[in-house]
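Please open the structure in your viewer and keep the selection tool ready. The tour below says what to select at each stop and what is found there.

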Amino acid sequence: MFILDLCIQMLSVQPDTKPKGCAGCNRKIKDRYLLKALDKYWHEDCLKCACCDCRLGEVGSTLYTKANLILCRRDYLRLFGVTGNCAACSKLIPAFEMVMRAKDNVYHLDCFACQLCNQRFCVGDKFFLKNNMILCQTDYEEGLMKDGYAPQVR
């Protein structure tokens, strides 16, 4: 099995160039814009997810391919992604859901908070991992004063 996470490029068609052939429908691309993906050229309407039929140029700049299928991220993860359990709440995390990671632990976005005071973290905030517990800086430093444990800053 071969898995690719590939980039989609939108290109302007230059009026003085020979039209390129579309990998999806095999017709000439005479539109103002075309997509380039998988080292081939596509009409914007022809580069679609094999499952949900969404236009891949509109849903992002990434496509996935496996088992001769061209897929959007959501369908790739739905079909081939690995599910797991949240390290904080132990509930199932669907393969298509966005997550936060700390070392080998995976968390729901809503569960990624200090496990003592429930403070949510923002991008760039420091957090500490102590015995697989996520701690904010305040709770970590208070524990450090009491217990004298060493940090694992992330």
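Which residues are buried in α2? Select α2, residues 73-80: Asp 75, Tyr 76 and Leu 77 are buried there. Buried means under 20% relative accessible area, exposed means over 50%, and partly exposed is in between (1.4 Å probe, protein chains only). Helices (H or I, at least four residues) and strands (E, at least two) are DSSP runs, numbered from the N terminus.

This is a predicted model, in which local features need pLDDT of at least 70 and side-chain atom pairs count only at pLDDT 80 or more, while totals for chains, interfaces and linings use all residues. Residues are numbered from 1 along each chain as its sequence is written, and side-chain values use heavy atoms, with hydrogens and water left out.

**Stop 1: around α2 and the cores**

Contact here means heavy atoms within 4.5 Å.

Next, select Ile 8, Leu 47, Leu 56 and Leu 63, which have the most contacts inside the largest nonpolar core, a set of 16 residues. β3, β5 (62-66), β6 (69-71) and α2 each supply at least two residues of this core. A nonpolar core is a set of buried Ala, Val, Leu, Ile, Met, Phe, Trp, Tyr and Cys residues joined through side-chain atoms within 4.5 Å. In soluble globular proteins, nonpolar side chains tend to be buried together.

Center the view on Leu 47. Leaving out residues up to four places away in sequence, Leu 47 touches Ile 8, Leu 35, Ala 37, Trp 42, Cys 54, Arg 55, Leu 56, Gly 57, Leu 63 and Ile 70. Another core lies apart from the largest one; it has 15 residues, including Cys 86, Tyr 107, Phe 127 and Ile 134.

**Stop 2: Leu 34**

Select Leu 34 in strand β3, residues 33-37. Is Leu 34 buried or exposed? Leu 34 counts as buried because its relative accessibility is 5%. Its contacts, not counting residues up to four places away in sequence, are Gln 9, Met 10, Leu 11, Val 13, Ile 29, Tyr 41 and Trp 42. Now draw a distance from Leu 34 to Val 13: the two are 21 residues apart in sequence, and their C-alpha atoms are 6.7 Å apart.

**Stop 3: the salt bridges**

How many salt bridges does the structure hold? There are three. A salt bridge is a side-chain nitrogen of Lys or Arg within 4 Å of a carboxyl oxygen of Asp or Glu. Side chains of opposite charge can pair when their charged atoms come close.

Select Arg 55 and Asp 45, whose side chains meet in a salt bridge at 2.3 Å, N to O. Both lie in the loop between β4 (40-42) and α1 (56-59), so the pair ties together parts that are 10 residues apart in sequence. Arg 55 is partly exposed at 24%, and Asp 45 is partly exposed at 45%.

Then select Asp 110 and Arg 120, a salt bridge whose closest N and O atoms are 3.7 Å apart. Both residues lie in the loop between β10 (105-108) and β11 (128-130), so this pair also ties together parts that are 10 residues apart in sequence. Asp 110 is exposed at 61%, while Arg 120 is partly exposed at 47%. Salt bridges that share partners join Asp 45, Arg 55 and Glu 58 into one network.

**Stop 4: the cysteines**

Where a disulfide is a pair of cysteine sulfur atoms within 2.5 Å, a search of the whole structure finds zero. Select Cys 25 and Cys 22: the sulfur of Cys 25 has its closest cysteine sulfur in Cys 22, 3.8 Å away, too far for a bond. Select Cys 72 and Cys 49 next. The closest cysteine sulfur to that of Cys 72 is in Cys 49, also 3.8 Å away and too far for a bond. Cys 25 is partly exposed at 25%, whereas Cys 72 is buried at 8%.

**Stop 5: two loop residues**

Select Asn 26, in the loop between β2 (9-12) and β3. Asn 26 is not a glycine, yet has a positive phi of about 65°; this residue is exposed, at 68%.

Finish at Leu 38, in the loop between β3 and β4. Leu 38 has a positive phi of about 55° although it is not a glycine, and it counts as partly exposed at 27%.
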